[in-house]
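Here is a friendly briefing on the model shown below. Take a moment with the picture, then read on by topic.

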Amino acid sequence: MIYFDYLGVWTLEKRGEKPTFNTGFDQAVPTYTHYGLCTLAEHNYLHFVISQNIDGLHHRSGLPLDKLAELHGNVFSEECELCRTQVSIDLCCNFEWEIIL
């Protein structure tokens, strides 16, 4: 999927239009801005990003986790209760997750 900034939700909203698409977090792709921030970080012009987004697109664009704070978390990561590492559940310490009803 190719993302064009002029079709972004915020751009459409600013023009008084509503998006005609519904993309889930798993199908969303980073924008040029995400990649731009990543490039600035790679060249040491940007030292840290603080984001309220939960979509994981900053990291998906290549921004290293040590340069990113996601204030509201990320729908694609979990924190292991044993080692406190933030990873995907299936990669983390072989911990057996209990479902509490």
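**Overview**

The chain exposes about 8,000 Å², and carbon and sulfur atoms supply 56% of that area; accessible areas come from the Shrake-Rupley method with a 1.4 Å probe, and for residues only the protein chains shown count as cover. This is a predicted model, in which local features need pLDDT of at least 70, side-chain atom pairs count only at pLDDT 80 or more, and totals for chains, interfaces and linings use all residues. Residues are numbered from 1 along each chain as its sequence is written, and side-chain values use heavy atoms, with hydrogens and water left out.

**Layout of the chain**

- The chain has three helices and four strands, where helices (H or I, at least four residues) and strands (E, at least two) are DSSP runs numbered from the N terminus.
- Read from the N terminus, the order of elements is α-α-β-α-β-β-β.
- Of the 101 residues in the chain, 21% are buried; buried means under 20% relative accessible area, exposed means over 50%, and partly exposed is in between (1.4 Å probe, protein chains only).
- Taking contacts between residues at least 6 apart in sequence, 29% join residues at least 24 apart, with contact meaning heavy atoms within 4.5 Å.

- The largest nonpolar core has five residues: Ala41, Leu46, Val49, Leu63 and Leu68. Such a core is a set of buried Ala, Val, Leu, Ile, Met, Phe, Trp, Tyr and Cys residues joined through side-chain atoms within 4.5 Å.
- As background, nonpolar side chains tend to be buried together in soluble globular proteins.
- Leaving out residues up to four places away in sequence, Val49 touches His58, Leu63, Lys67, Leu68 and Ala69.
- His58 lies in helix 3 and counts as buried because its relative accessible area is 8%.
- Beyond its neighbours within four places in sequence, His58 is in contact with His34, Leu37, Val49, Ser51, Asn53, Leu63 and Leu68.

**Helix 2 and what follows**

- The buried residues of helix 2 are His34, Cys38 and Ala41. Viewed down the axis of helix 2, its buried residues fall within an arc of 60°, so they line one face of the helix; the arc is that of the directions from the helix axis to the C-beta atoms.
- These buried residues of helix 2 pack against helix 3 (57-60).
- Asn44 sits in the loop between helix 2 and strand 1 (49-51). The phi of Asn44 is near 60°, a positive value in a residue other than glycine.

**The loop between helix 1 and helix 2**

- Pro30 is found in this loop and is buried, with a relative accessible area of 7%.
- Pro30 and His59 are 29 residues apart along the chain, and their C-alpha atoms are separated by 9.0 Å.
- Pro19 lies in the loop between helix 1 and helix 2 as well, and at 34% relative accessibility Pro19 is partly exposed.
- Not counting residues up to four places away in sequence, Pro19 touches Val9 and Leu12. The C-alpha atoms of Pro19 and Val9, ten residues apart in sequence, are 6.1 Å apart in space.
- Phe25 has its place in the loop between helix 1 (9-14) and helix 2 (32-42), and Phe25 counts as partly exposed because its relative accessibility is 39%.

**On the surface**

- Phe25, Ile54, Val75 and Phe76 form a nonpolar surface patch with about 310 Å² of accessible area together. Patches are made of residues with over 30% relative accessible area and no salt bridge, with like charges joined within 9 Å and nonpolar side chains (Val, Leu, Ile, Met, Phe, Trp, Tyr) within 5 Å.
- Ile50 lies in strand 1 and is exposed, at 60% relative accessibility.
- Ile50 touches Ala69 and Leu71, not counting residues up to four places away in sequence. Ile50 and Glu70 are 20 residues apart in sequence and 6.1 Å apart from C-alpha to C-alpha.

**The salt bridge**

- The structure holds one salt bridge, meaning a side-chain nitrogen of Lys or Arg within 4 Å of a carboxyl oxygen of Asp or Glu.
- The side chains of Glu17 and Arg15 meet in a salt bridge, at 3.4 Å from N to O.
- Glu17 is partly exposed at 39% relative accessibility, and Arg15 is partly exposed with a relative accessible area of 45%.
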